[in-house]
Amino acid sequence: MVWLRAWRRRKLKARTFPAAWQELLWKRSLLYRHLPAMDREELHGHIRVFVTEKRFEGAGGLLVTDEVRVLVASQACLLLLHRSADYFPGLYSIVIYPSGYLAPKRERDQVGAVVEAVEARAGETWARGTLVLAWDAVLAGAAGRAGCSNVVIHEFAHQLDYQTGEADGAPLLPRDRYPEWSRVWGREYARLQHALAQGLPVDISPYGAKNPAEFFAVVVEQFFMCPRALSSRHPGLYRQLQELFRQDPASWLPR
Ligand SMILES: [Zn+2]
């Protein structure tokens, strides 16, 4: 029932945020330290709701502690600030491995035959149900030790993309915003693919050239982790995300 859920969420948000959680965020999260104080307050409420509503499961021997729950929630919920966005409604559980895990992968070789292989991954997610993360990558992203990458922001950006029913690099937007969105994102996506094909240097992760959904996810990572570089070199993309998230990380993150 929608009203019951809204009431429960209001009650959770009204509780005092544990001092131990605040301390660990302060210690482990670069974005948390730089976030404007008002936003930090709002984030606390979202974290409360998130850790109550989502199921966390440890895998490969990882023990799920408050540190795990709160650090994942704090980064995922950055994408919800200032918006009436729901809490990633298609997602029920988050599985965490201690470090990069091996996943089976099927691909085609040069003659078109399907080859079974394994690859190391730091995270992945599907439209409904589950999201998987490697804890060492979560820590590195939170601390800002992974450059412009942040695996939690990446996977939850996919979750926003899925809310439209398709993974096509466009999240839910007011209808009249889609034409400009596809013009700006389409042009920048083509630019990245062209630069890579020509062997030119790029300042957006080459992984984004895989498809429009990955392009959206890597640009959202950069928006939060390296906002100044994104806003100076790709002002169109920055503006689109500034409007979507109603935030301006370039004004508070000094990099
Ligand atoms: Zn991805």
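**Reading helices and strands**

Mentor: Start with helix α4 (residues 37-53): its 17 residues reach 25 Å from first C-alpha to last, close to the 24 Å expected at 1.5 Å a residue. The expected span is 1.5 Å times one less than the number of residues. Helices (H or I, at least four residues) and strands (E, at least two) are DSSP runs, numbered from the N terminus. This is a predicted model: local features need pLDDT of at least 70, side-chain atom pairs count only at pLDDT 80 or more, and totals for chains, interfaces and linings use all residues. Residues are numbered from 1 along each chain as its sequence is written.

Trainee: Which residues of α4 are buried?

Mentor: A residue is buried if 20 or more other C-beta atoms, placed from the backbone, lie within 10 Å of its own; it is exposed if 12 or fewer do, and partly exposed in between. In α4, L43, H46, I47, R48, V49 and F50 are buried. Their cover includes α1 (2-14) and α5 (66-76).

Trainee: How many residues of α9 are buried?

Mentor: 12 of its 14 residues are buried, so α9 is largely enclosed by the rest of the structure. Among them are E214, F215, F216 and M225. They pack against α3 (30-34), α7 (151-162), α8 (178-197), α10 (227-233) and α11 (235-245). Helix α9 covers residues 212-225 and reaches 20 Å, close to the 20 Å expected.

Trainee: Now the strands. Which strand does β2 join, and in what sense, parallel or antiparallel?

Mentor: Two strands pair if DSSP finds at least two bridges between them. Strand β2 (residues 91-97) runs parallel to β6 (residues 129-134), and 6 bridges join them. V95 stands opposite V132 in β6.

Trainee: What is the bridge partner of E124 in β6?

Mentor: The partner is V132. A hairpin through 3 residues joins β5 to β6.

Trainee: And the whole fold? How many helices and strands does the protein have?

Mentor: There are 11 helices and 6 strands. The radius of gyration, taken over C-alpha atoms, is 18 Å, close to the 18 Å that the globule rule gives for 255 residues, so the protein is as compact as a globular protein of that length. That rule is 2.2 Å times the number of residues to the power 0.38. Of the 255 residues, 36% count as buried. The C-alpha atoms fill a box of roughly 55 × 40 × 40 Å along the principal axes.

Conventions: Contact = placed C-beta atoms within 7 Å.
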